[in-house]
Amino acid sequence: IGEVRREILDKYNLDLSEERLRRYESLGLFTTKRDKRSNFRLFTEHDYNELLLIISLIELGVSQKDLLEKNTEAISRRVNTVAELIDVAERRYPVCK
């Protein structure tokens, strides 16, 4: 999990603790396969992208509960609200584009 954490920090400047990532995993927000000998997590590209999506949605204010329950209505509402705010900001401040 340390490698994934460092990669997210390097690529997206998101400083997530390993503890936070482990908590997301223990809550069931994402899963990965494990190496049978070392028990290390084996992140596929799909796992990595799914984790980035989860982190992004949480950063946008989607609750962990809504993510766990796959409450698409609540998730969509939050994403749409953020999209509307971005649209307003882009119209008000053209430099944001």
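Buried means under 20% relative accessible area, exposed means over 50%, and partly exposed lies in between, using a 1.4 Å probe and protein chains only. Keep those cut-offs in mind for the tour. The model is predicted: local features need pLDDT of at least 70, side-chain atom pairs count only at pLDDT 80 or more, and totals for chains, interfaces and linings use all residues. Residues are numbered from 1 along each chain as its sequence is written, and side-chain values use heavy atoms, with hydrogens and water left out.

**Stop 1: the whole protein**

Show everything as a cartoon. You have five helices and two strands to find. From the N terminus, the order is α-α-β-β-α-α-α. These elements are DSSP runs numbered from the N terminus: helices are H or I with at least four residues, strands are E with at least two.

Now turn the model. The C-alpha atoms fill a box of roughly 55 × 30 × 20 Å along the principal axes. The radius of gyration is 16 Å, whereas a compact globule of 97 residues would have one near 13 Å. That radius is taken over C-alpha atoms, and the globule rule is 2.2 Å times the number of residues to the power 0.38. Of the 97 residues, 29% count as buried.

**Stop 2: R5**

Select R5, in helix 1 (residues 2-12). Which backbone oxygen does the side chain of R5 reach? The backbone oxygen of L16, at 2.6 Å. Next, show the surroundings. Leaving aside neighbours within four places in sequence, R5 is in contact (heavy atoms within 4.5 Å) with D15, L16, S17, E18 and L21.

**Stop 3: Y12**

Stay in helix 1 and select Y12. Is Y12 buried, partly exposed or exposed? Y12 counts as partly exposed because its relative accessible area is 44%. Y12 and L52 are 40 residues apart in sequence, yet 9.6 Å apart in space, C-alpha to C-alpha. Not counting residues up to four places away in sequence, Y12 touches E7, Y48 and L52.

**Stop 4: N39**

Go to the loop between strand 1 (33-34) and strand 2 (41-42), and select N39. N39 is not a glycine, but has a positive phi of about 70 degrees. With 45% relative accessibility, N39 is partly exposed.

**Stop 5: K70**

Finish in the loop between helix 4 (64-68) and helix 5 (72-92), where K70 lies. K70 also is not a glycine, and its phi is positive, about 50 degrees. Why does K70 count as exposed? Because its relative accessibility is 63%.

How values were computed. Polar contact = N/O pair within 3.5 Å; in protein donor to acceptor, adjacent residues only side chain to side chain.
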